[in-house]
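Here is a short briefing for a reader new to this structure. Start with the sequence and the model below.

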Amino acid sequence: MANTVFGRCFVGFVNIGVLFVLNKIRLILKNKENYPVMAAAFIMLSIFWTIRYAHVGGRDIPLEQELHYTSGVLKTVTVAKDKRSPIKHISIYDKTNNKQLTIACGDHVFPRYLFTDCTHFEQYQGKQAKIGWYQQKDVLWFSNDIPQMATVEVEGNVIRSYYVTVDMAKSNNLQDLIFMLGLTIGLLILFYKGGLEPYQGDD
């Protein structure tokens, strides 16, 4: 009984809040002086959410049995540098194709190198390893042809499991989403306080 009453009260408060917001939007839209500010807000938020969409991690991680696997001696190589330290990827010799394969430790298409560092695997350099990896599809106008690490085994010991990789991608995406929602709300409040004026009616 108590849960039912609480639920109805909560729904009632939500409905009141939605109606209040919709009324504010209606008044703001009636004031043509707000249009430039609203256009600027729309453009900024569109850019932010487009980048956010392109940055979603782990969208192309396949099922574990669909991963590609390469075994060989594990090495790390420097592929780029940020302000603090070099960005390193895993390098392993692919016997099947007779070539050295470079694998990143990220899970997103954009940006190409940022958040893809494999430095934490340096301690296994020179040891026999088996790397499970996958390729990512293009997102919008972004592409990344660097293979992405999903699992790591070193001398028969699991160092990074498939499920840890998937869980990390989900956790990072949730944190990014919360950040973007906070940023969006903050920008909307800033634009509202800084330049949006409700319609006051004709004099």
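Two strands pair if DSSP finds at least two bridges between them. Helices (H or I, at least four residues) and strands (E, at least two) are DSSP runs, numbered from the N terminus. The model is predicted: local features need pLDDT of at least 70, side-chain atom pairs count only at pLDDT 80 or more, and totals for chains, interfaces and linings use all residues. Residues are numbered from 1 along each chain as its sequence is written, and side-chain values use heavy atoms, with hydrogens and water left out.

**The sheet**
- An open sheet is built from 6 strands, ordered E3-E2-E1-E4-E5-E6, with antiparallel pairing.
- Strand E3 (99–103) and strand E6 (157–160) are at the edges; each has a single partner strand, so one side of each lacks a neighbour in the sheet.
- Strand E1 (residues 68–81) pairs with strand E4 (residues 128–134) over 6 bridges, in the antiparallel sense.
- Tyr 69 has Gly 132 in E4 as its bridge partner.

**The salt bridge**
- A salt bridge is a side-chain nitrogen of Lys or Arg within 4 Å of a carboxyl oxygen of Asp or Glu.
- The count by this rule is 1 salt bridge.
- Lys 88 and Glu 122 form a salt bridge through their side chains, at 2.4 Å from N to O.
- Lys 88 sits in strand E2 (residues 86–94), and Glu 122 in the loop between E3 and E4, 34 residues apart.

**Met 168**
- Met 168 belongs to helix H3 (residues 162–194).
- Met 168 and Gly 58 are 110 residues apart in sequence, yet 8.9 Å apart in space, C-alpha to C-alpha.
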